[in-house]
Amino acid sequence: MRIIVQKAKCQGHARCAAQAPDIFKLDDDGYILLGDIEVAEGEELPASRGVRSCPERALELTRC
Ligand code: F3S
């Protein structure tokens, strides 16, 4: 499982990191760091919660 980050859509709400701070890393200004995120086994639930928490739909979960 992987999370695709569309950094251009991120507005720094930080809700993703509030759900799963170990998965969603933010920069010093509170914006998500660029790059796809590999989700470790057992982390699927918090990853999914973080993705769904983003009001800007900047995060997308993919199985491949
Ligand atoms: Fe950005 Fe959405 Fe997280 S706006 S900081 S990706 S909740």
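In what order do the elements of the protein chain run from the N terminus on?

**Figure 1. The overall fold of the protein chain in a predicted model.** From the N terminus on, the order of elements is β-α-β-α-β. In total, the protein chain holds two helices and three strands. The radius of gyration is 10 Å, close to the 11 Å that the globule rule gives for 64 residues, so the protein chain is as compact as a globular protein of that length. The C-alpha trace spans about 30 × 20 × 20 Å along its principal axes.

**Figure 2. Contacts and surface of the protein chain.** Of the 64 residues, 33% count as buried. The protein chain exposes about 4,300 Å², and carbon and sulfur atoms supply 46% of this area. Its side chains include 9 positive and 11 negative ones, and the centres of these two sets lie 7 Å apart.

**Figure 3. The cysteines C16 and C54.** Are C16 and C54 buried or exposed? C16 has a relative accessible area of 8% and is therefore buried, the cut-off for this class being under 20%. C54 has a relative accessible area of 16%, so C54 is buried as well. C54 belongs to the loop between α2 (44–53) and β3 (59–62). A search of the whole structure finds zero disulfides.

**Figure 4. C54 and H13 in sequence and in space.** Along the sequence, 41 residues separate C54 from H13. In space, the C-alpha atoms of C54 and H13 are 7.5 Å apart.

**Figure 5. The backbone at A14.** Most residues other than glycine have a negative phi. A14 is not a glycine, yet its phi is positive, at about 65°. This residue is found in the loop between β1 (2–5) and α1 (15–19). The relative accessibility of A14 is 29%, so A14 counts as partly exposed; that class lies between the buried limit of 20% and the exposed limit of 50%.

**Figure 6. The backbone at R57.** Where does R57 lie? R57 has its place in the loop between α2 and β3. Its phi is near 55°, a positive value in a residue other than glycine. With a relative accessibility of 68%, R57 counts as exposed, because exposed means over 50%.

Terms used. Residues numbered from 1 in each chain as written. Predicted model: local features only at pLDDT ≥ 70, side-chain atom pairs only at ≥ 80, totals over all residues. Heavy atoms only, no water. Helix = DSSP H or I, 4+ residues; strand = E, 2+ residues; numbered from the N terminus. Rg over C-alpha atoms; globule rule 2.2 N^0.38 Å. Buried < 20%, exposed > 50% of the residue type's maximum accessible area, 1.4 Å probe, protein only. Areas by Shrake-Rupley, 256 points an atom, 1.4 Å probe, with all protein chains shown as cover. Lys, Arg positive; Asp, Glu negative; His and termini not counted. Charge placed at Lys NZ, Arg CZ, Asp CG, Glu CD. Disulfide = S-S within 2.5 Å.
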